[in-house]
Each structure stands twice: as structure tokens, then as C-alpha cells.
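Here are some notes to go with the model you sent.

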Amino acid sequence: MNENIIAYETVDLCDNDECVIIIDQTKLPGKMELIRLSTAQEIWDAIYLLKVRGAPAIGVAAAFGLYVLSRQIAKDETEFDAFYDKFMEQKKYLDSARPTAVNLAWALNRMDRVCRQAHEDGKSVAEIVEILGEEAREIKEEDIRVCKSIGEYGLSLVKPGDGILTHCNAGQLATCKYGTATAPIYLGQERGYKFRVFADETRPLLQGARLTAYELSSAGVDVTLICDNMSGMVMKNGWINAVFVGCDRVAANGDVANKIGTSVVAAVAKQYGVPFYVCAPTSTIDLDTPTGAEITIEQRPPEEVTEMWYKERMAPEGVKVFNPAFDVTDHELITAIVTEHGIARAPFTESLLKCKGKN
């Protein structure tokens, strides 16, 4: 296979629409493997086990998955009520895979609305399934447009030759193209900006080491991998002009939930006067969640800390492990939130409402 990860679709449908095709991100960077998902269990597992990850990519995978499952349901159920009952069972099941990323529920709810509207419009079950397929494809195409727009706005915040730090993976592997936090980097690369990028390794799942460093270096970007606890040094050295991170949920007040460790980077950036930018599609803005305190934080298995990536266990048997997948960054640490509709600044309760209202 082509070694350039950018040449592959993060999430796609197979030719006959009977399965979802994803890059198995748990195998990267050692092995580039495309896998096919056709059952509810396979789709759920792929989301939960981080074979597909990143809020936008999860949303697209869920939409494609629900469409694939709808095709299967329609083979047995041609009456809408029976079809819709099973449709909702699968929707709720997929929605249970991960609680923090709002895009999962957002995409599934969007598919549900389309399904109900098509029924109200008098469409048959067969026609509804086709409409669901069209909507799932539009969710993907919309993600590509959104990421490019975020990239354009983000690019306006930096200049050629700047040093940029990013945490986790909010790149193409987390979306369908460009990424969110990496969108300004990719657009800058296309335009000769010659950014110097520093990628946190992002413990314990190493998304920065395995994914961000992999995809950026594959695309020819000047990227340096650092351990999570090195961000303070590179900022103190003056090597960082801006921090760009993605996010999984934005509360109404501007608090954001993102991969664990993001809040630490934000605090360090504040200490050294480095602008801290969150790149967030408006689909991740949850105006029904007042502050970050109300965001449910997913707890992951302790083995990710004690055993994963090691040939031998690296912690004593029986030791207690706290392994939250995300943390919440206080809005006061955030310089701006970059959306596809513009750049939101404090007070976020007003600026986010304006960005969200442009949908």
C-alpha cells in the first residue's frame, strides 16, 4: 500500500454500500490496514476500541454504520413502524459506544430526523433507506468542507515559519480530510508556510506519537515529537507561537472537553503567553451543556496505562489506576475557538451562539 496515509479515506462506504470501511487506527503506524464493518457489534466495537476515533470521524462512521444497518433491517421489515423500531434499537446501541464526543449522538440524531421526515413525506421504507444513504454521504462531505473552512480561519492566526504545538490527533485521521487542529497546518503546507510543528505524544494511547507524527511526517510537514511533559520547555524556549488543539465537546460557556492532558497544555501556554486555539466544528458546540462541569468524562480501562504498548507490565500488580479519556479546559485559558463560521472569542456565551446560529 501507498505509505502516504493522506492517500486513504479515514471512513468510507464499500462499493455496494453493505459495509463501512475504516483505517484501523489501533494498528498505526506499524501497519496500514483497512477493515470492513457490517454488523452493529463490529461498528460499536470499532468506535469503542478506537479503531476509528476523533469526534468528526466517529460521527461519520456512525452515520454510515446506521445506514448500513438500515439496509439490513429493510430486507426484513417493509412496514415503517417495524422498520423504525429496529432502526431506533441500532441507533441507541451505537450511541452507547462513547459518551463524551457529541458528534456521535449528533450524527445519529440527524439520521433519525431524516428518517422521520421522509416517513412524514410519504416515502416507502426502501426510499427512506436511500435517503439515509444520501444523508450519511452528505455528513461526510460536510465534514470536509467544515475542516477546510476551519483551516482557513486558523491560518489567519499564524504566519509563515511559526512554531505550532498540537496535542493528541485532530488531524485527517480524526476527520475525513484536513483535520481540525491540523487543518491550518495542511493548508499552510500547501501554500509554503513551512511551519515547525511539535506534537505531544499524548499518553496513554499515544495518538500524537502514533497518529499525528505519522500523518504529518507522511505529508512532508516539519514535525518534532515530544513527550507530554516537555511542552513547558519548548514554550519557554520560544519555539511555539501558537497551540492548536481539537475538541470533542464545547459547553455553552466555552469550556471544552478534549483528550486528557489538553488542560495542562492550556495552563502552560497561559504561563508563557502562547495563544491557545481550539478548533471546533459547530457540531461539537453543545449549547444545552452550560459548563464543562456537566460533561460526562469517559473512563477507560486501567490496562491502557499499565500494560498497553509494553512487552511487560510497567506498573505493580494491584495498583489503583485513574484513566479518564478526556479533561475539561476552562474557557479562561482559551484564546479563541475556531469554527467553520468564524473565530469565537470571549465572552464565549455570546460568540459561540452567533457561530452556532449560522448553521
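1. A definition first: two strands count as paired if DSSP finds at least two bridges between them. The model is predicted, and the pairings below are to be read as features of that prediction.

2. Strand S10, residues 276–279, and strand S13, residues 336–339, meet this definition: they are parallel and joined over three bridges. Within this pair, Cys279 stands opposite Val338 of S13.

3. These two strands belong to an open sheet of seven strands with mixed pairing, ordered S6-S5-S4-S7-S10-S13-S14. At the edges are strand S6 (222–226) and strand S14 (342–344), each of which pairs on one side only. From one strand to the next, the twist averages 25°.

4. Which strands does helix H5 touch? Helix H5 (residues 125–155) packs on the sheet and touches strand S7 (242–245), S10, S13 and S14. The direction of H5 makes about 140° with that of S13.

5. Helix H11, residues 348–357, lies across S13 and S14. Relative to S14, helix H11 runs at about 160°.

6. Is Ser70 buried or exposed? Ser70, found in helix H2 (residues 55–76), has a relative accessible area of 1% and is therefore buried, the cut-off being under 20%. Apart from neighbours within four places in sequence, Ser70 is in contact with Phe83, Phe87, Val129 and Leu132.

Conventions:
Residues are numbered from 1 along each chain as its sequence is written. This is a predicted model: local features need pLDDT of at least 70, side-chain atom pairs count only at pLDDT 80 or more; totals for chains, interfaces and linings use all residues. Side-chain values use heavy atoms; hydrogens and water are left out. Helices (H or I, at least four residues) and strands (E, at least two) are DSSP runs, numbered from the N terminus. Axes are lines fitted to C-alpha atoms, for helices over the stretch in contact, and angles run from 0 to 180 degrees between N-to-C directions. Contact means heavy atoms within 4.5 Å. Buried means under 20% relative accessible area, exposed over 50%, partly exposed in between (1.4 Å probe, protein chains only).
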